[in-house]
Amino acid sequence: MFESLLIGLSTSASCVATCGNVVIGIIMANRQGVGRSFALLGAFMCGRLATYAVIAAVVAVVSVGVGGIGACAMAVGQILLGLLMLLYAFGRTWRLCVGHRASRRLYALCRGRVVAVAAMAGLLSALNVCPPMLSLIGSSVGADHVVGRFVLFFIGSSVLFLPMPFIGTIRNKAAVGIIGRAVAAIVAIIFIFKGFATLFYNF
Amino acid sequence: MKNKPTYWSTGRIGRSILLTAPMVLLIGLMLSGNLAGGQSYVHTFSAVVALLFFVSMFWMMIYTGRTDRWRAVVFIIGALLFCISFISNLIEVRSSMTFSDAEQLTCTIPFCHIVTTMVIIPAAIKQTIIFPGSLVEGYASISSMLVIVLGFSIVIGRGFCSWGCFYGGWDDGTSRILRRPVIRRVNSAFRWFAFAMLVLMALWSAESLSPKYCEWLCPFKAVTENERIVDGVTLVKNIVFYTLFVVLVVVLPLLTRKRIQCATFCPMGALLSLFNKINVFDVRHRADLCINCGRCDKACPMLAIENHCPTLTCSKCGRCVDECPTGALRYHVRGTSPDRHFTWARTLYIYPAYIFMVTLLGGSFVNGLALIINLFI
Amino acid sequence: MKKIISFFAYLWAALGTIIILAVFIGMGGWQQLAMRLPFMRIDPVFTGGTVVDTLQVDSVMVLVHEPVFPGLFSEGDEGFVQIDVRQCPTDTLRLDSLPVAGNVIALSLTPASAMANDLSVTEFARISDGWIVRLELKKLD
């Protein structure tokens with residue numbers, strides 16, 4: 001079981017590179033201090049942990065690995081995450097799209113709901129099953145302490161996320177917010193593309 | 001208009017000759033390989049034409065006191081001839097504009113300056129370069145390109161985007177086709193998208209250990225080299241390249257009269273903007289001379305002007321300096337007074353910038369010209 | 001004080017021209033210097049790693065590289081082993097009983113395809129005097 005923690009630690013760079021862009025986008029766009037940014041990261045991690053717990057429960061109860069249904073869930077998760085990030089990016093940029101009525105409505109929708117957006121983003125990004133996660137699922141089928149394995153993997157893979165809230169120290173620069181929204185928008189496009197590509201190749 | 005300082009009074013031919021003479025020698029030195037004997041007559045003729053062209057453009061820059069107009073001529077023609085020369089070289093070596101797995105597996109892909117942004121993190125962590133290129137030998141070797149990148153970053157910072165980049169000439173050219181923009185208002189905040197691209201490409205490439213911008217997002221693959229279409233994935237990649245080229249390099253610059261690809265998409269431009277912070281040259285705004293006409297904002301192709309002041313992403317092309325009716329915007333050497341010796345500041349800047357442009361583009365300029373001449377004889 | 005700063009500022013600005021000239025004229029020297037930097041080596045993902053075994057099969061030279069498991073901070077679970085076939089005059093080739101990364105494989109090569117028993121081929125390329133083949137490897141638990 002302890003090796004799950006080691007797998008998570010050794011692959012945390014991969015997790016950061018894949019999901020870290022989402023966190024960076026949200027934290028930068030929100031332009032809050034370090035404390036508030038940690039709260040956003042915490043919400044994101046809770047979302048990730050929730051998804052991992054669900055996957056662990058499915059593997060423990062059903063005792064099957066990831067197959068076609070898993071690939072479908074991953075693709076749908078990627079597309080939904082992309083749409084969420086698009087909503088977050090452009091919903092907060094109504095000033096950028098001056099006079100665009102839809103953008104103003106999106107902004108009103110997102111205003112004050114950043115924590116929910118972060119949690120949802122964590123939930124959906126954890127569906128983006130990476131190779132280390134796949135091998136963990138494979139090795140957990142029929143094994144003991146499945147939930148514990150996933151929790152330890154989650155802890156190990158979350159270590160490199162911890163410095164990200166310190167981006168909040170440069171929140172005074174207006175450019176930080178714009179870059180954050182741009183990161184969110186581009187990440188959204190990438191995830192939507194990957195989601196449709198996964199659906200296309202698997203079905 | 002009476003407040004606009006004259007860089008040189010028109011008609012001061014003597015001073016123009018004095019400043020252009022050293023440049024003749026320097027350009028001749030940098031093109032000496034092409035001017036040397038042993039080449040074909042067409043090649044030597046092209047080199048002489050190139051020498052005269054570069055010298056005449058520099059002369060006009062000094063004599064008229066206007067920077068951008070003459071810089072742009074060299075920059076745009078240089079970019080076009082670079083692509084002609086590059087593609088013809090590829091066809092001569094590989095019989096194709098595309099590269100296959102063989103070129104990647106034998107590490108013979110030319111190293112482009114934009115890749116620098118993607119190799120930094122793996123180079124720091126793994127101590128390796130994540131690019132299938134040659135370290136020392138061959139065309140555009142990794143070591144030579146990294147040396148050039150470091151050299152120009154120190155001297156001219158983001159000026160590379162307007163004085164050296166052999167891709168930038170494309171959207172600089174398309175942005176000048178229409179006299180008036182169709183899309184008049186482009187929010188200057190869009191320039192920060194390039195920084196988002198920098199962050200994402202750096203992280204994505206580090207995670208996957210391959211240069212993702214080159215693999216998926218470079219619009220200039222359409223006019224240089226791209227991956228051979230062998231399956232669905234490479235087909236999608238090529239569709240993305242050509243679509244991005246048409247949208248970001250042709251259509252949007254045409255409609256907005258802004259260099260959209262360079263200002264909003266290129267991660268290298270974002271990285272070089274950071275070098276602007278330590279660069280000795282900048283474009284300074286003098287509030288006491290400014291009449292808030294807004295011509296600089298409309299003129300700036302890089303979306304780099306805010307409240308009539310050039311910002312971090314200024315590429316020092318000189319267009320705002322030329323447009324400003326009162327001389328409120330001018331080239332400046334950091335650490336000196338902005339209202340004194342501004343003509344020397346300009347000269348001190350355009351000298352290394354122009355030499356860099358000639359040296360980087362000169363070889364392919366001559367080759368491209370020779371190829372075109374050979375088509376007709 | 002201001003005059004001193006101005007002097008050095010103009011001096012540094014003037015040196016810009018010298019630096020640009022020095023970069024291009026002394027490119028050979030700068031390249032040699034750059035090559036001494038610790039990160040100036042191509043990642044094994046692209047080079048295939050160092051050659052650990054050279055085999056001579058008839059007139060054909062087979063270079064077996066060390067296995068590569070790509071990863072940023074640590075090695076990954078999946079990787080490849082690269083085999084270079086050189087000095088091969090024919091368009092097709094079959095190599096039996098090749099010792100590669102703890103396996104013994106048979107390799108069938110044509111200009112358009114490469115096949116190996118037991119290990120799957122991830123990439124291959126026909127080069128001027130042979131082939132470059134990469135076989136998929138997975139780390140055992």
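Leaving aside neighbours within four places in sequence, with which residues is M120(A) in contact? The partners are G47(A) and L84(A), where two residues are in contact if their C-beta atoms, placed from the backbone, lie within 7 Å. The structure is a predicted model, in which local features need pLDDT of at least 70 and side-chain atom pairs count only at pLDDT 80 or more, while totals for chains, interfaces and linings use all residues. Residues are numbered from 1 along each chain as its sequence is written, and chains are lettered from A and ligands numbered from 1 in the order in which they are written.

M120(A) sits in helix α6 (residues 114-125) of chain A. Helices (H or I, at least four residues) and strands (E, at least two) are DSSP runs, numbered from the N terminus. With 19 other C-beta atoms within 10 Å, M120(A) is partly exposed. On this scale a residue is buried if 20 or more other C-beta atoms lie within 10 Å of its own, exposed if 12 or fewer, and partly exposed in between, with C-beta atoms placed from the backbone. K194(A) is 74 residues from M120(A) along the chain, and their C-alpha atoms are separated by 19 Å.

How confident is the prediction? The model as a whole scores ipTM 0.87 and pTM 0.85. For chain C the mean pLDDT (the predictor's confidence in each residue, from 0 to 100) is 86, and 99% of the residues reach 70 or more. Within chain C, confidence is highest in α3(C), at 92, and lowest in strand β6 (residues 114-116), at a mean of 81. Where pLDDT is low, the predicted coordinates should not be read in detail.

Chain B comes next. It has 17 helices and six strands. Its radius of gyration, taken over C-alpha atoms, is 21 Å, close to the 21 Å that the globule rule gives for 377 residues, so chain B is as compact as a globular protein of that length. The globule rule is 2.2 Å times the number of residues to the power 0.38, and the radius of gyration is taken over C-alpha atoms. Along the principal axes, the C-alpha atoms of chain B fill a box of roughly 65 × 50 × 40 Å. Buried residues account for 54% of the 377 residues in chain B. Of the contacts in chain B with a separation of 6 or more, 74% come from residues 24 or more positions apart.

Three helices and eight strands are found in chain C, and from the N terminus on they run α-α-α-β-β-β-β-β-β-β-β. The radius of gyration of chain C is 24 Å, well over the 14 Å that the globule rule gives for 141 residues, so chain C is more spread out than a compact globule. The C-alpha trace of chain C spans about 80 × 40 × 25 Å along its principal axes. In chain C, 27% of the 141 residues count as buried, and among contacts between residues at least 6 apart in sequence, 34% join residues at least 24 apart. Chain C is divided into domain 1 (2-35) and domain 2 (44-138), with bounds that come from an automatic or database domain assignment. The centres of these two domains, taken over C-alpha atoms, are separated by 47 Å.

Chains B and C also meet each other. In this interface, 36 residues of chain C are in contact with 41 residues of chain B. On the chain C side, the elements that give two or more residues are α1 (2-25), α2 (27-35), α3 (44-47) and β7 (121-127). Among these, α1(C) gives the most, with 14 residues. The residues on this side divide into 27 nonpolar, five polar and four charged; here Ala, Val, Leu, Ile, Met, Phe, Trp, Tyr, Cys and Pro count as nonpolar, Asp, Glu, Lys and Arg as charged, and the others, Gly among them, as polar.Finally, the largest nonpolar core has 209 residues, and those with the most contacts inside it are I26(A), M85(A), V183(A) and A196(B). A nonpolar core is a set of buried Ala, Val, Leu, Ile, Met, Phe, Trp, Tyr and Cys residues joined through C-beta atoms within 7 Å. Helix α17 (residues 342-376) of chain B gives the largest share of this core, 18 residues. V358(B) lies in helix α17 of chain B and counts as buried, with 28 C-beta neighbours inside 10 Å.
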